[in-house]
Amino acid sequence: MSTNIQIEELKTDVLILGSGGAGLFGALHAKAANPELEVTVAVKGLLGKCGCTRMVQGGYNVAIAPGDSTERHFMDTVEGGKWINRQDLAWTLVEQAQVRIRELENELGCYFDRNPDGTVHQKAFAGQTFDRTVHKGDLTGIEIINRLAEQVWARDIKRMEDHRAVALIPSKDGSRIAGVLMIDMRSGAFRLVRASAVLLATGGGPTMYKYHTPSGDKTCDGMAMSLRLGLTLRDMEMVQFHPTGLIAGEDTRITGTIIEEGLRGAGGHLLDGNLERFMHKYDERGERATRDIVSRGMFQEMRNGVTAKHGGLYITMKHLDPSMVKKSFKGMVERCADCGFDLVGGNVEVVPTAHYMMGGVVFEPDCTTEIPGLYAAGEDTGGVHGANRLGGNGVANSTVFGGIAGDTIAKDIKPNATLVDPDREAIDAAVRLCTQPLERPAAKIDQVRTKLWEHMWEDAGIVRDAASLARAKGTLDELDAELDTIGVSGDNLAYNLTWHDWLNLKNLILVSKSVVAAATAREDSRGAHFRADYPDVRDLENSTYTVVRLKDDEITLGTEPVDFSRVKPGETLLDESAA
Amino acid sequence: MSNTIQVSVWRGAEEGEFQTFEVPRQPSQTVLDVITYIQRNIDPTLSYRFACRVGVCGSCAMTVNGRPRWTCRTHVDKVAGDGTLEVAPLRNLQVVKDLACEMTEFFDKMNRAEGKFHPTKTRDDDFDFIKPDDKKRKQASAGIECIGCGVCYAACDIVDWNKDYLGPAALNRAWTLVNDERDGGNDVRLAAVAGDAGCHACHSQQGCVEHCPKHLSPTHSIAGLKRETAKAALKGLLGGDD
């Protein structure tokens with residue numbers, strides 16, 4: 001196939017990549033601020049359906065109750081992030097969450113759970129000093145995304161569904177963004193969407209690990225495109241593992257998906273393959289210890305080999321009141337039952353599972369990036385959460401910054417502005433990258449995925465050391481080379497999932513390389529990053545964060561000092577009496 | 001349990017044919033797993049859509065042995081007693097390729113039914129006090145957990161006969177809003193659902209109720225809309241005859 005293939009060109013004022021909390025809020029805010037702007041949302045699946053905001057179970061952290069405060073939420077976020085958060089971003093998060101939650105409830109029509117007296121219910125969530133998590137049962141994300149999507153459908157906002165972004169295209173002179181090269185997955189055709197502003201809101205999604213929670217469409221596409229454009233990413237070693245994902249055996253899509261944290265909070269027990277509890281060996285809080293500690297305890301037990309049928313461990317609720325379990329965890333109980341597991345009266349096999357990437361594109365509190373015209377929000381970005389994200393700060397992050405991005409874009413650009421010329425060489429290079437497997441004889445691709453999963457899980461996952469990371473680096477280079485020898489049938493490019501699997505793996509391998517590089521550089525343990533060879537937090541006062549870039553096809557690495565712009569380690573913004 | 005399962009899968013678009021595959025049985029296996037196995041191991045050209053894998057997004061609904069179902073949460077044991085499966089795209093929606101449908105008309109009908117919140121307050125206001133056991137709130141909450149999977153839409157014979165019919169999901173959403181004390185859009189909403197393609201077109205055949213994977217009752221919601229639109233018509237609130 002020649003690279004001189006026809007590429008259809010479309011124009012829009014604002015192109016939004018992704019339709020989770022960040023993308024949809026970006027679209028609504030840009031349109032509200034300036035209805036004359038033509039706003040287009042492009043998404044890899046169906047609008048409001050793919051991506052992870054929809055999958056949020058826990059809820060939305062926000063300091064709106066009497067006795068809580070912006071400062072308290074901020075301190076919890078920074079303490080949870082082990083002091084490497086960018087503090088102006090964390091502050092923006094906790095302050096603007098208070099606006100966004102009321103926008104969700106009052107303007108978009110979300111109805112969050114209430115107390116019997118009609119006030120909004122806020123539940124306890126791990127790692128927080130105040131019960132501040134607003135929620136809708138254990139399926140909060142469905143409510144948020146359904147309400148956002150129906151507002152987007154009702155507006156003059158263009159939709160490009162089943163369109164995957166493959167490259168961020170700079171202007172010919174390199175001074176700003178010119179648009180995005182996309183593949184219309186339904187036809188397989190390339191489309192260049194030229195735009196004055198592009199919002200990167202594809203979500204991260206650490207699906208390079210054997211066990212992972214995110215939606216199956218997520219493959220770090222935004223981060224991979226950002227690396228190829230030359231952007232700086234930070235904190236890439238920080239991959240959060242959730243302690244309890246389902247495990248149902250080989251070739252089961254449901255494996256890795258979460259059953260929620262609240263089960264442990266409500267008194268659930270974790271058991272090994274002999275049905276013995278083990279968490280007390282690792283932390284006096286037992287199963288109620290934080291996500292990172294429980295995940296590491298479970299990983300160690302699995303390495304010790306006393307495991308259940310599929311190599312995982314068990315969670316059980318059967319010693320608790322069955323009616324409480326059925327009522328409080330309705331969604332989880334039904335989900336388990338459909339898959340043949342009894343969460344109320346049985347033992348459900350679980351495994352720690354890769355959940356969220358704290359790292360991502362370096363961006364500013366107004367969602368601008370180092371490239372004019374390119375904005376970023378949500379899990380594609382880094383710096384808000386530092387080394388660890390609090391449960392309930394994820395959907396707050398995507399919705400807060402998505403809305404801000406829309407506001408900023410509407411301020412920065414004018415409708416129908418003259419669009420800059422795109423860099424045609426960058427387009428050609430991206431087309432070549434995407435079409436190269438189509439020029440080779442078709443071969444099986446699945447072994448690359450399974451090897452990537454196994455090696456990232458074993459060598460660059462919950463517990464890492466210098467030797468395992470060196471192994472991972474070598475493996476990733478080998479897998480990348482292997483992928484480059486594998487062909488995909490290009491006879492029919494319409495809805496060709498196997499072609500997209502190839503592209504997904506290409507992105508996952510690249511982003512995995514940046515995870516491994518950053519994890520190698522951080523010689524201490526904090527938050528989600530645990531080095532068996534450096535098991536302690538080191539030198540908190542002089543904390544640094546990692547940055548990676550892609551240069552000549554190699555990941556280059558640096559470290560930068562954290563700017564404690566609001567509060568230093570050991571200090572607090574709370575009055576001592578209130579702390 | 002046989003070690004394999006015979007799976008007939010629709011190939012093509014509106015025109016096409018079934019193709020048969022033999023897939024190994026696993027103890028814990030959903031219909032989506034079977035389809036995935038075929039694409040990964042037997043025929044890499046098979047097309048289907050899925051996202052969340054766990055019954056949250058409503059992207060993966062298909063027709064399984066003649067019934068619309070969410071495939072990610074449908075265990076093979078439940079539907080393939082005789083060791084065979086037939087998997088086709090959803091009825092009543094245009095087929096993109098193989099098992100993937102175009103869902104735009106389904107989403108557009110949500111909008112045509114005014115299935116969106118009309119705010120009466122802003123982000124500068126506090127939350128309303130609404131008790132969870134408030135009668136109207138309970139009516140709204142009863143239908144609110146719809147994930148928009150399109151299973152009810154595919155199950156509905158009225159949609160099959162009348163392509164304009166708004167369908168169970170859109171009308172169910174409208175009913176949740178009619179009961180939402182915070183909403184200010186009921187005049188336009190009742191007018192939107194009162195026409196020939198709206199709630200009165202429903203014959204209460206309950207295909208939607210029977211198939212909804214979330215165990216919602218759109219038929220109940222539509223009955224509520226019928227009552228409210230009739231009341232509004234008596235009061236002369238619906239404007240013209242649409």
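In chain A, A:Ile315 stands opposite A:Val348 of strand E14. The two strands concerned, E13 (residues 313-316) and E14 (residues 347-357) of chain A, pair in the antiparallel sense over four bridges; strands here are DSSP runs of at least two residues and helices (H or I) runs of at least four, numbered from the N terminus, and two strands pair if DSSP finds at least two bridges between them. The model is predicted: local features need pLDDT of at least 70, side-chain atom pairs count only at pLDDT 80 or more, and totals for chains, interfaces and linings use all residues. Residues are numbered from 1 along each chain as its sequence is written, while chains are lettered from A and ligands numbered from 1 in the order in which they are written.

The E13-E14 pair of chain A belongs to an open sheet of four strands, with the order E11-E14-E13-E12 and antiparallel pairing. Strand E11 (239-246) and strand E12 (269-271) of chain A stand at the edges with a single partner strand each, so one side of each has no neighbour in the sheet. From one strand to the next, the twist averages 40°, with axes taken as lines fitted to C-alpha atoms (for helices over the stretch in contact) and angles running from 0 to 180 degrees between N-to-C directions.

The domain assignment of chain A gives domain 1 (241-354) and domain 2 (437-535); such bounds come from an automatic or database domain assignment. Their C-alpha centres lie 27 Å apart. Six residues of domain 1 of chain A are in contact with five residues of domain 2 of chain A, where contact means that the C-beta atoms of two residues, placed from the backbone, lie within 7 Å. On the domain 1 side of this contact, helix H7 (residues 291-304) of chain A gives the most, with four residues. That side divides into three nonpolar, one polar and two charged residues. In this scheme Ala, Val, Leu, Ile, Met, Phe, Trp, Tyr, Cys and Pro count as nonpolar, Asp, Glu, Lys and Arg as charged, and the others, Gly among them, as polar.

Elsewhere in chain A, A:Cys52 is found in the loop between strand E2 (39-42) and strand E3 (60-61). Is this residue buried or exposed? A:Cys52 counts as buried because it has 29 C-beta neighbours inside 10 Å; the cut-offs are 20 or more other C-beta atoms within 10 Å for buried, 12 or fewer for exposed, and anything in between for partly exposed, with C-beta atoms placed from the backbone. Leaving aside residues up to four places away in sequence, A:Cys52 touches A:Gly20, A:Gly203, A:Gly205, A:Pro214, A:Ser215 and A:Lys218. A:Cys52 and A:Glu38 are 14 residues apart in sequence, and their C-alpha atoms are 26 Å apart in space.

Turning to chain B, its secondary structure comes to ten helices and seven strands. Its C-alpha trace spans about 65 × 40 × 30 Å along the principal axes, and 52% of its 242 residues count as buried. Among contacts in chain B with a separation of 6 or more, 66% are between residues 24 or more positions apart.

Chain B is assigned domain 1 (4-101) and domain 2 (104-234), with centres, taken over C-alpha atoms, separated by 29 Å. Their contact takes 15 residues from domain 1 of chain B and 13 residues from domain 2 of chain B. Strand E3 (61-64) and strand E4 (67-70) of chain B each supply at least two residues of the domain 1 side, and E4 of chain B gives the most, with four residues. By class, this side has seven nonpolar, four polar and four charged residues. E3 and E4 of chain B run antiparallel and are joined by four bridges, with B:Ala61 opposite B:Trp70 of E4. The two strands form a hairpin with two residues between them, and B:Asn65 in the turn has a positive phi of about 45°.

Between the chains, the contact takes 51 residues from chain A and 54 residues from chain B. On the chain A side, the elements giving two or more residues are helix H3 (87-107), helix H4 (140-153), helix H9 (330-338) and H14. By class, that side has 17 nonpolar, 17 polar and 17 charged residues.
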